[in-house]
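Reader: I'm new to this one and would like a short tour. Could we start with the aromatic rings and then move on to the chain as a whole?

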Amino acid sequence: MATTPETKTAAGTFTAVISELKPETTYHFRARADGGDRGVVYGSDAVFTTAGTAPVVTTRTATAVSTIDATLNAELTGLGAAASVKVSFEYGETDKYGQTTTPEEKKATGAFSAVIGGLKPETTYHFRAKADGGEKGISYGSKLTFTTGRLAPSVNTNPATEITASGATLNGFLTSLGASSQVSVSFEYGSTDKYGLTTQKITRSETGAFSLSISDLKGNTTYYFRARADGGDKGVAYGNGVTFTTLNPAPAVATVAATGVTINSATLNGNLTSLGAASEVKVSFEYGTSDKYGQTTSPQVLKASGAFSAAITGLKPDTKYYFRARADGGEKGVSYGPGMTFTTLNTAPLVSTVEPGNVTYTGAILNGNLVSTGTAAEVKVSFEYGTTDKYGQTTQPEILKKAGVFSAPVSGLKPGTTYHYRTKADGGEKGVTYGNDVVFTTGDPAPRVASVQPSDITHNSATLNGFLQSPGAAASVKVSFQYGTDQKYGQTTKPEERKTSGPFEAKITGLAPKTLYHYRPVADAGEYGIVYGEDFVLTTLGPEPMVTTGPATDITTAGASLRGILTSLGASETVSVSFEYGETDKYGQSTRPEEKKATGAFTVTLTGLKPNTAYYYRVKAEGAGGAVAYGESSTFTTASVAPIVKTEAAGGIGETRATLNGSLASLGQAAAVTVSFEYGETDKYGQSTRPEEKKGTGAFSAVISGLKPGTTYHFRAKADGGEKGVAYGADVTFTPAAPGRPGRRIAYTVEKDGTSRIYVADEDGANARALDGGTEPAWSPDGTRIAYVSDKHPSGQIYVMNADGSGARRLSTNDAWDETSPAWSPDGSKIAFVSDRDGAGYRIYIMNADGSNVRRLTRGTGWEGYPAWSPDGSKIAFVSDQDGPLQIYIAGADGSGQRRLTNFPTPAISPAWSPDGKKLAFTMKQEDRNWSVYVMNADGTDVKRLVPGFEPAWSADGARLFIRARTDGADAVYAVSASGGPPVKIGRESGAASPKAGGR
């Protein structure tokens, strides 16, 4: 079908009315432009659906809820084909309802309500709207709930204040009068949690804080107390139990280490930490050559706590002295600090032994430190050494006239032998002293091998792992594993020849289920000997299935989605999975079982839950023969009746203005919520944006101006639900650009019609501009240049251009090589990249920023990629599959100290350092084969999933991440808060990828 053609002589919109369509039917349409001999073109396909014949109704949140009545609300959004519709509500204590309001006739769409009474206090009611169009049909709104108010009062106990040795002020907060017009509040208290004493009562006719002082308490004693609210015939409520400890009336003192120790004097130190109940305290020190002390320094009077000291003289050289601090509070008591010791200096020389260096099979360099020459003019230093602590051999003495380090080489030692040695300092008549005994072991020509934890354990197989630490003096070593059900082993894997150190593995099969196996690695170096690793054990899995409890999601006031993962079917072909849940760890309720024939994730949605209530849950898996397994217990709490709001990262940041962003996650039980932002130069804020009313969840924002350039601002989102409560988002900061300095920019790739181009834009997506053709842009540290992979060649070739797209220059030198993933060093002098130039697969290389001095960084055995410099330039994070799935590794900037950082079961790629170097963002593949962005600490701990997406890049201030995410079938660049939250699309280009922040 086609509409009547209309002639147009200029560009612009046009319309056409069509009729005689079928109700409740989806139609496709497209625009057509006939230019005669110039050709015919068509617009994209679009769809619409004609209206239905039945009425349409939406249930809204109940309002004016009291202890015994409430107002039910709904909206008739469509009459369908009916001339008039009778609207009403069904309600009751279950979702079977049982009661109905009086029908009301409606001839037009709009809101309607009904007041219901005679309800039970503290009871949850279910309700839904009903629209009866007669012969045109009946429709119902969604199911909702509300809970009537409580009758008894409620009270909280707050911490005690103004605590002395004999008294304190007790604090509480009356949170609700319940159904009472007046409530008597008081406190119960005592030296045990049985209390026993009660304060006077105060009558309150409104909620709020209250306090009462108590006296005649014992010093240095722990007291228990709780708030009490008496609503008469409406009931009595108690707050939580809280404790406090009265002050000690005696003073408190600490002994601190002695300083200024010489051969005959020292300074004793102490700290008066409390005067107790005394107005002044006499402090002094007791000291002597035993813990009986015997001597005391002159007392000093202190009227405030703090440090104090006393110098003592006339001490003996090289003597151990004991001392302690003393605090005399007169009639308030005397207290002592802990005993400590010091040793006066010796007049003889003092020497220490230091760890050896350059230990080989037959030699070593012995090291020592002459700490003091004592009173000698010169000291002869040497080393005594041998295979026991009796030594037996001595090095040639060396004369030193001042303190310092010294060394002596020794040779002719036995390979693989432990040696003892110590330093010797001969001061002549001033005495001879010796350093501490130190041991070292000469190199062993035999190989060294270590046991490593097993992997890939099933009910009948496993992978054994080992590490050849050194081949010793052998040119090659045969490595294998011995294994069995005890330490006699009995079985051996096929030997594998190794010429260098490194990991090795062997898969063993035919194992018995649920059985403990011992294993150890073997390294056979022929004439150089056979060595064994430590005995390790593994236990094969049983025939029962294995299941993991996942986090709850989509949590509302009355529902949630539970997630579980079936990780193994055990010996069963089919496993029945379900969830147990309830308000205690006894659970009490179960979901409908679901049959599974393969491992993987599964979810179940719960409904009919109580608001603001903690629920326990765990997953259950039942296999053949009654084999049952449970996941770990977990909890979630349903949403509160108050609104919930989140503060998101600021955007559109200029010199004097910015856009503040927030997200209203829940209206709670409020019909409408007023949202706004508080902001200012401190976290006290001081300024607010104009309030905006919201009747549904979602993002909101406000533009603020008049800001100071270069100044850090704090802001937070606010959601006011009226009588339902006020909520605030977290504190977030941003800094407007400094005067005369443009804001930060991002670079990214956009692919259109099979061609890729580099784009640059402001961090909020504004002022986007296309540059050269290519992919994988990387900003130089000063923001003036961009390294990228050009599309001018059949293979990947690295180029550098100016930030405005000018001056493009090639750094790669051979089309036969495929070179990608450029990454600048923090000082801008070097570029790390990935290349297959050596013919050994893809490896990490480094070159100077002008393309010269290319050298290979890593020496791994697998594929390597995604290099990323740490902000201080000392390390490079990269990705490799040398140990299994792609994982993140760390190495020094010179390639040394390579170590594996992550050990996930699925691939992890594209690491990105935070500006402060404390965190790494990365991308990891999910069990459903989709990818998500994660953040973890730089040491690999505290892993947190943020959002679905790829290729994270940090903003300059570390507050946000720029990612590639897919919506509507096309990739685009998004910004997301580094602490989590909904992503915000940056710019309008589709097909965008590889975002990188840092331009100026």
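This is a predicted model: local features need pLDDT of at least 70, side-chain atom pairs count only at pLDDT 80 or more; totals for chains, interfaces and linings use all residues.

Reader: Where do Tyr-27 and Phe-48 sit in the chain?

Author: Tyr-27 is in strand β1, residues 26-29, and Phe-48 is in strand β4, residues 46-49. The two are 21 residues apart, and the pair links distant parts of the chain.

Reader: Is Tyr-27 buried or exposed?

Author: Tyr-27 counts as buried, because its relative accessibility is 18% and the cut-off for buried is under 20%.

Reader: And what about Phe-48?

Author: Phe-48 has a relative accessible area of 30%, so it is partly exposed. Phe-48 also pairs with Phe-29: the ring centres are 5.9 Å apart and the planes are at 55°.

Reader: Why is the pair of Phe-29 and Phe-48 called tilted?

Author: Because its planes are at 55°, while stacked needs under 30 degrees and edge-to-face over 60.

Reader: Which strands does that pair tie together?

Author: Phe-29 lies in strand β1 and Phe-48 in strand β4, so the pair ties together parts 19 residues apart in sequence. Phe-29 itself is partly exposed, at 44% relative accessibility.

Reader: Which residues form an aromatic cluster?

Author: One cluster is made of Phe-187, Phe-210, Tyr-223, Phe-225 and Phe-244.

Reader: Changing topic: which charged ends sit over rings?

Author: Among them is Arg-30, whose charged end sits over the ring of Tyr-42 at 3.9 Å from its centre. Another is Arg-128, which has its charged end over the ring of Tyr-140, 4.0 Å from the centre.

Reader: Now the whole chain. How many helices and strands does it have?

Author: The protein chain has 0 helices and 90 strands. Its radius of gyration is 39 Å, well over the 30 Å that the globule rule gives for 1000 residues, so the chain is more spread out than a compact globule.

Reader: What does it span along its principal axes?

Author: The C-alpha trace spans about 120 × 90 × 75 Å.

Reader: And how much of the chain is buried?

Author: Of the 1000 residues, 43% count as buried. The chain exposes about 50300 Å², and carbon and sulfur atoms supply 47% of that area.

Reader: Last one: what about contacts between residues at least 6 apart in sequence?

Author: Of those contacts, 53% join residues at least 24 apart.

Conventions:
Residues are numbered from 1 along each chain as its sequence is written. Side-chain values use heavy atoms; hydrogens and water are left out. Helices (H or I, at least four residues) and strands (E, at least two) are DSSP runs, numbered from the N terminus. Buried means under 20% relative accessible area, exposed over 50%, partly exposed in between (1.4 Å probe, protein chains only). Rings of Phe, Tyr and Trp (its six-membered ring) pair if their centres lie within 6.5 Å; planes under 30 degrees apart count as stacked, over 60 as edge-to-face and the rest as tilted. A charge sits over a ring if NZ of Lys or CZ of Arg is within 6 Å of the ring centre and within 35 degrees of the ring normal. The radius of gyration is taken over C-alpha atoms; the globule rule is 2.2 Å times the number of residues to the power 0.38. Contact means heavy atoms within 4.5 Å. Accessible areas come from the Shrake-Rupley method with a 1.4 Å probe; for residues, only the protein chains shown count as cover.
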